[in-house]
Amino acid sequence: MEDKNEYHAIVIGASAGGLYAMTRILQPLPAAFPLPIMVVQHRAKDERNLLEEVLQQKCKVRIKQADEKEAIENGVVYFAPPDYHLLIENDRTFSLSFDAPVNFSRPSIDVLFETAADVFEERLLGIILTGANNDGAAGIRKISMRGGVTIAQSPETADYADMPKAAINTGYVRHIMTPDEISRYLLALIKK
Amino acid sequence: MIANEEYRQFLESVRFVYGYDFTEYAEASVIRRIRSFMETNRIGGLKELGRLVMKDEAAFEHFIQEITVNVTEMFRDPQFYKSLRKNVVNRLATYPFIKVWIAGCSTGEEVYSMAILLREEGLLERTVIYATDINQDALQKAKDGLSTISNMKNYTENYIKAGGKNSFSDYYKAKYNSVLWDKSLRQNIVFSVHNLAMDKSFNEFQLILCRNVLIYFNQSLQNKVIDLFYESLCPFGFLGLGNKESLLFADKQKCFEEIDKKEKIFMKIK
């Protein structure tokens with residue numbers, strides 16, 4: 001199925017096992033990737049910057065932790081900070097919140113996905129990766145209902161299959177792909 | 001976007017009717033809280049919510065208490081408290097009488113953390129802590145000084161990491177599942193309602209803590225609130241913000257010196 005959407009942004013949600021899948025997906029991207037990518041990776045609350053540092057060593061595209069009120073730019077992969085929800089505002093800046101955990105998670109994938117869907121609507125691509133819970137399923141549903149496109153990592157390639165399965169079970173996932181296929185899908189967006 | 005426009009109109013009418021101003025809050029967060037309030041209370045949409053809260057003051061009170069409550073914990077970000085001990089306490093000790101303002105104290109965990117820290121540093125007896133919040137229910141909880149036993153493991157770990165000098169259990173009494181903070185901690189604490197978006201400065205302080213509150217405001221309101229803190233600090237007074245907050249968007253940025261960049265502790269220098 002050919003997706004006709006002209007994306008303005010990509011959101012990714014990952015939990016347990018996410019670092020490996022994320023590396024497979026982000027490593028092939030060029031430094032001048034034409035879209036912003038916002039990621040919630042569940043992480044320990046007292047871990048400050050390690051995830052970003054580890055990934056940056058492997059990737060050409062710029063990786064950073066999202067700052068409060070920061071303006072979203074193309075070609076940057078933004079990670080939600082540990083212990084804060086990451087939200088997207090209408091003027092395409094970030095907000096952080098310390099509201100109660102959602103799905104036992106802070107940051108929560110649903111919070112990012114739902115606010116991103118409000119702002120980018122059909123110009124949003126949402127990707128759900130490996131994880132041992134069901135965070136992100138409600139977000140996937142919302143992205144799809146707003147006209148965006150949704151991808152889940154194929155459960156058999158996921159270290160923990162619960163999260164992609166929960167998303168797929170909502171009935172709102174359009175593509176099921178391996179990490180390498182997801183990466184190729186993203187690279188194909190450059191040529192569009 | 002149409003959906004957000006409806007929220008804006010709703011917040012405008014709340015401001016007009018009740019004088020609570022949320023129009024300069026970070027929109028995505030407010031909308032999320034309003035939506036979750038509607039879900040919990042089975043309210044079909046914004047129009048219905050509007051009809052409900054505009055004519056029924058009790059319903060509005062309930063609404064306001066639900067959407068303004070902030071989450072907090074004892075010694076959250078232990079390194080912050082460690083830094084207070086190292087960089088701020090000895091300066092505070094030079095004052096004969098110390099005033100501390102904890103703005104947006106919510107259910108009071110930060111207030112009790114600060115009281116414990118000041119007691120261990122020998123300063124609590126000559127300190128008054130002003131603990132304020134917009135949310136009356138949260139303030140009442142803060143005054144009651146109650147917590148639950150299931151939190152204690154996490155709080156104890158935080159306390160130790162924050163450089164605690166005693167045993168954390170010295171500071172509370174447990175009964176069944178409840179925990180009551182040591183009453184003597186409360187002697188020098190004044191709790192009162194204060195709305196950062198609308199109310200003025202009410203005293204002069206040596207230390208102001210306002211942590212994880214500014215993140216809920218837009219840049220313009222953040223700037224106003226920093227101005228308010230600036231006015232409320234004595235010369236060389238200290239300001240402590242949340243881990244992800246900064247003075248980046250504040251006109252008064254240059255009037256502060258960074259005391260601890262990582263832990264977001266600033267000193268008013270001019």
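**How the two chains meet and how each is built**

In this predicted model, 16 residues of chain A are in contact with 17 residues of chain B.

Reader: What makes a residue count as in contact here?
Author: The test is distance. Two residues are in contact if their C-beta atoms, placed from the backbone, lie within 7 Å. By that test, chain A gives 16 residues and chain B gives 17.

Reader: Which elements of chain A give two or more residues to the side that touches chain B?
Author: They are β5 (85–88), β6 (94–97) and α3 (109–120) of chain A. β6(A) gives the most, with 3 residues.

Reader: How do the residues on that side of chain A divide by type?
Author: Into 7 nonpolar, 4 polar and 5 charged.

Reader: What puts the buried residues of α6(A) on the same side?
Author: Start with the residues. In helix α6 (residues 179–191) of chain A, the buried ones are A:Pro179, A:Ile182 and A:Leu186. They cover an arc of only 65° around the axis, so they lie on the same side of α6(A).

Reader: What do the buried residues of α6(A) pack against?
Author: Four elements of chain A: α1 (18–26), β7 (124–128), β8 (149–153) and β9 (175–177).

Reader: Now chain B. How many helices and strands are there?
Author: Chain B has 9 helices and 10 strands.

Reader: Why is chain B called as compact as a globular protein of its length?
Author: Set the value against the rule. The radius of gyration of chain B is 19 Å. The globule rule gives 18 Å for 270 residues. Of the 270 residues, 44% count as buried.

Reader: How is chain B divided into domains?
Author: Into domain 1 (2–67) and domain 2 (78–268). The contact takes 6 residues from domain 1 of chain B and 11 residues from domain 2 of chain B. The domain 1 side divides into 2 nonpolar, 2 polar and 2 charged. Taken over C-alpha atoms, 29 Å separate the centres of the two domains.

How values were computed. Residues numbered from 1 in each chain as written. Chains lettered and ligands numbered in written order. Predicted model: local features only at pLDDT ≥ 70, side-chain atom pairs only at ≥ 80, totals over all residues. Domains from an automatic or database assignment. Nonpolar A, V, L, I, M, F, W, Y, C, P; charged D, E, K, R; others polar. Buried ≥ 20, exposed ≤ 12 C-beta atoms within 10 Å, placed from the backbone. Arc of directions from axis to C-beta. Rg over C-alpha atoms; globule rule 2.2 N^0.38 Å.
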